[in-house]
Amino acid sequence: RDAEISRLRKELLLERKETEKKLIEVEDNLQQKIADLEQNLKSARMDLQQDRERSLRTQQELEHAMSEMRNLHADELTRVHSKHAEEQDRLQADLDKAKADLREEREESERMCCSVDDAWRSRLAD
């Protein structure tokens, strides 16, 4: 019976040592997984920071481009407005000249009509 107890004791000690060895392996594996996860987390945080910085730069570039587009648009509107005002002034000057020319022609026509009327009156009076 002592031999049986001794044998069981040896088996239990051996099993205990194997269990402790497995436990150490499991703990080592868990420590490695924790280290890997911490490295992955650190890497993910760095990627996130880089993405935020890129996003901020992109947003700033977009705002700058939008500002330039607004300025270009305002300049174009000013140029078109100036051109339109110049064309309107030119057309108004042409219209004023045409009116003056017509007035002169009408006055000349009236003078000629008066001259013709006077000539006819003279002839009729004779």
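Asp-94 and Arg-90 stand four residues apart in helix α1, a separation of about one helical turn, where helices are DSSP runs of H or I with at least four residues, numbered from the N terminus. In this predicted model, local features need pLDDT of at least 70 and side-chain atom pairs count only at pLDDT 80 or more, whereas totals for chains, interfaces and linings use all residues. Residues are numbered from 1 along each chain as its sequence is written, and side-chain values use heavy atoms, with hydrogens and water left out.

The side chains of Asp-94 and Arg-90 form a salt bridge at 2.8 Å, N to O, the term meaning a side-chain nitrogen of Lys or Arg within 4 Å of a carboxyl oxygen of Asp or Glu. Arg-90 also meets Glu-87 in a salt bridge of 2.5 Å, and these two residues lie three residues apart in helix α1. Asp-94 is partly exposed at 40% relative accessibility, a class that lies between buried (under 20% relative accessible area) and exposed (over 50%), with a 1.4 Å probe and protein chains only. Glu-87 is likewise partly exposed, at 36%.

## Asp-101 and Lys-97

Asp-101 and Lys-97, four residues apart in helix α1, are joined by a salt bridge of 3.0 Å, N to O. Lys-97 is exposed, with a relative accessible area of 52%, while Asp-101, at 31%, is partly exposed.

## Salt bridges across the structure

Salt bridges with shared partners link Glu-4, Arg-7 and Glu-11 into one network, and a search of the whole structure finds ten salt bridges.
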